[in-house]
Amino acid sequence: MNSNARTSRTPIMLASTAAMAALLLTGCGQGTDPGTQPSASATASESSQQTDNSSENAVDQDTLLQTNDQLSEALGDDYVQGWIKDGKLNVSTTSEEQLSTIEEAGAVGHLVQFSSEELRSAIAEIMKWQSKQENPVRNAIHAYTLNPETGGITLSVDKSQLEAVEKLIDDEKPIGEIPVDYKESGGIMTPAATQ
């Protein structure tokens with residue numbers, strides 16, 4: 001192979017590497033679905049991008065986002081997560097006393113057992129647990145998300161391994177009593193899937 005052929009492929013290889021790095025930095029593997037969004041901000045952003053909102057609806061989204069930010073600050077460590085569902089801001093908290101603060105702000109309050117920090121640690125524990133499994137289970141979980149409605153986490157799992165993963169996690173309890181929900185995965189994200 002001559003050196004001209006090698007140098008002509010270098011930009012393609014660099015572009016491919018850059019595309020993969022961009023996917024990793026944007027949280028590839030942290031997919032979301034309705035009801036399991038990582039934050040109200042992400043939900044509102046997705047909603048506004050997916051639909052043609054009227055200016056009135058856009059103002060409502062902005063108001064909900066501002067309310068979520070205010071509640072996050074006011075609740076401090078008691079704030080778990082916010083999400084928008086059916087045009088209403090929902091906020092989960094670990095403190096029963098904070099439910100009135102949430103409702104006074106015009107949001108729907110949800111009492112959950114585990115803090116945001118505990119849920120994020122649970123995702124890290126599931127990832128460690130997964131890395132110790134034999135194939136095909138080791139490669140079966142494709143995404144991990146917080147589930148603010150259940151106060152747990154949601155795993156996106158290869159449908160052919162869904163039952164096996166669920167049984168192993170139920171038997172071994174790698175994250176204790178934190179609720180785990182499962183959904184079928186569309187597969188691991190690839191550069192082609194994002195275009």
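Mentor: Gladly! Let us start with K128 and E125, which both lie in helix α5, three residues apart, about one turn of the helix. Helices (H or I, at least four residues) and strands (E, at least two) are DSSP runs, numbered from the N terminus. This is a predicted model, where local features need pLDDT of at least 70, side-chain atom pairs count only at pLDDT 80 or more, and totals for chains, interfaces and linings use all residues. Residues are numbered from 1 along each chain as its sequence is written, and side-chain values use heavy atoms, with hydrogens and water left out.

Trainee: Why is K128 called partly exposed?

Mentor: Buried means under 20% relative accessible area, exposed over 50%, and partly exposed in between (1.4 Å probe, protein chains only). K128 has 44%, so the label is partly exposed.

Trainee: And how do you know whether S115 is buried or exposed?

Mentor: S115 has a relative accessible area of 17%, so this residue counts as buried.

Trainee: Which parts does the salt bridge of K85 and E149 tie together?

Mentor: Their side chains meet at 3.1 Å, N to O. K85 lies in strand β1 and E149 in the loop between β4 and β5, so the pair ties together parts that are 64 residues apart in sequence.

How values were computed
Salt bridge = Lys/Arg side-chain N within 4 Å of Asp/Glu carboxyl O.
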